[in-house]
Amino acid sequence: RQNTNSIVFLKGGIFMIINWFPGHMAKARRLIEENLRLVDVAIELVDARIPWSSTNPMISKLINQKPCILVLNKSDLADKAVLDEWIAYYKTQGRTVIAMDSKGGAGVKQLLGAIRQLAAPKLARWKARGLKTRSVRTIILGIPNVGKSTLINRLAHRNVAKTADRPGETKGKQWVHLGDKLELLDTPGVLWPKLENQVSAYRLAATGAISDTVFDMETVITQLITALSTYYPEQLKTRFKLDELFADPFETIELIGRKRGCIISGGVVDIEKTYKMILKDYREGKIGAISLDRPDEFDEGEPS
Ligand code: G4P
């Protein structure tokens, strides 16, 4: 399936965006601003494996002072120890943060509790002014593929196909009832992915946040193997039955290809096939629960 956003990696470390044109971004932004005016609490969804790379810096500006819950989704695929570090990091920043597995359902209760908790001061103000209380309203925001539709469907107890990513497609506002006086906007706010640096771009590609057809596989897989060799050497060796890892990621990739029998005529490793196999295994969590963003690598917001 094609995402609405795409980044092309060119050899030599350059990448460019081919699909999120300024017009798309402006439209998405306007729509989110409009929808945010309707809600009391915002939910920002990011990928727990890459919470920094899968956020959009614009979100905090758009949300402004509105109460917000940061949901680290796909936590089932993330390294638990690193996930805990991220949770501690966000808490020191005063953020309300929840780890979640929208596919499996873990975290739903905590999320509903957090929404009510963050909305409580507003409800108290309404009550103090003698106003009739309406439902607390919330919205889910995030870049494509972080699991927005999966979470909406999970909260709504329904099992339907993905809603469209394209902003502005739904006419009229639909609210999903989440329980007593709690409503969720059926259309998530879709933002563009972080585009400022190569490190985030490769991680977004590795996790599947951007379309496979448009990035340079070699760049993404060599960076992925470098990260896995550094932080998860045992998982990498176990998954592909390797006795050793090489300093040059390309040599490790070739060895993986050989071990897995990805060979073309003349005994040469079918490198494209090997890339695809590694990527599939990573995305499906077969190499293990792996995080690519780590709080300790960031200095003043940029990867070091
Ligand atoms: P979006 O609306 O933000 O674009 O994301 P969407 O819900 O479509 O989810 C993108 C992919 O991520 C889907 O996989 C979905 O199943 C998966 N996903 C969402 N939340 C979680 C989670 O908490 N844990 C795990 N492991 N996966 C999650 P897909 O391969 O596109 O579809 P499918 O094979 O699941 O049908």
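This is a predicted model: local features need pLDDT of at least 70, side-chain atom pairs count only at pLDDT 80 or more; totals for chains, interfaces and linings use all residues.

Reader: Which residues of H1 are buried?

Author: The general idea comes first. An α-helix has 3.6 residues a turn, so residues three or four places apart point the same way. In this structure, Met25, Ala28, Ile32, Asn35 and Leu36 are the buried residues of H1. They cover an arc of only 100° around the axis, which places them on the same side of H1. Pro22 and Arg30, on the other side of H1, are exposed.

Reader: What span should helix H1 have, and how far apart are its end C-alpha atoms?

Author: Helix H1 comprises the 15 residues 22-36, and at 1.5 Å a residue these should span 21 Å.

Reader: How many helices and strands does the protein have?

Author: The secondary structure comes to 10 helices and 13 strands. Of the 304 residues of the protein, 51% count as buried. Among contacts between residues at least 6 apart in sequence, 71% join residues at least 24 apart.

Reader: How is a pair of helices to be described?

Author: Two packed helices are described by the angle between their axes and the distance between the axes. The crossing in which H7 passes H10 is left-handed. On the side of H7, the contact is made by Met217, Glu218, Ile221, Leu224 and Ile225; on the side of H10, by Tyr275, Lys276, Ile278, Leu279 and Tyr282.

Reader: Is Leu228 buried or exposed?

Author: Leu228 is found in helix H7. Leu228 counts as buried because its relative accessibility is 0%. If neighbours within four places in sequence are left aside, Leu228 is in contact with Pro233, Leu236, Ile287 and Ile290. The C-alpha atoms of Leu228 and Tyr282 are separated by 9.9 Å, and these two residues are 54 residues apart along the chain.

Reader: Where is Ser135 found, and with which residues is Ser135 in contact, leaving aside its neighbours within four places in sequence?

Author: Ser135 is found in the loop between helix H4 (108-128) and E6. Buried means under 20% relative accessible area. Ser135 has a relative accessible area of 17%, and so is buried. Its contacts, apart from neighbours within four places in sequence, are with Asp40, Lys181, Leu182 and Glu183.

Reader: What may be read from the backbone angle phi?

Author: Most residues other than glycine have a negative phi, and most peptide bonds are trans. In Lys74, phi is near 60°, a positive value in a residue other than glycine. Lys74 is found in the loop between strand E4 (68-73) and helix H3 (80-92). Lys241 also has a positive phi, near 55°. Lys241 is found in the loop between helix H8 (233-240) and helix H9 (249-259).

Reader: Does Lys241 count as buried or exposed?

Author: Lys241 counts as exposed, because its relative accessibility is 62%.

Key
Residues are numbered from 1 along each chain as its sequence is written. Side-chain values use heavy atoms; hydrogens and water are left out. Helices (H or I, at least four residues) and strands (E, at least two) are DSSP runs, numbered from the N terminus. The expected span of a helix is 1.5 Å times one less than its number of residues. Buried means under 20% relative accessible area, exposed over 50%, partly exposed in between (1.4 Å probe, protein chains only). The arc is that of the directions from the helix axis to the C-beta atoms. A crossing is left-handed if the near helix is turned anticlockwise from the far one by less than a right angle, and right-handed if clockwise. Contact means heavy atoms within 4.5 Å.
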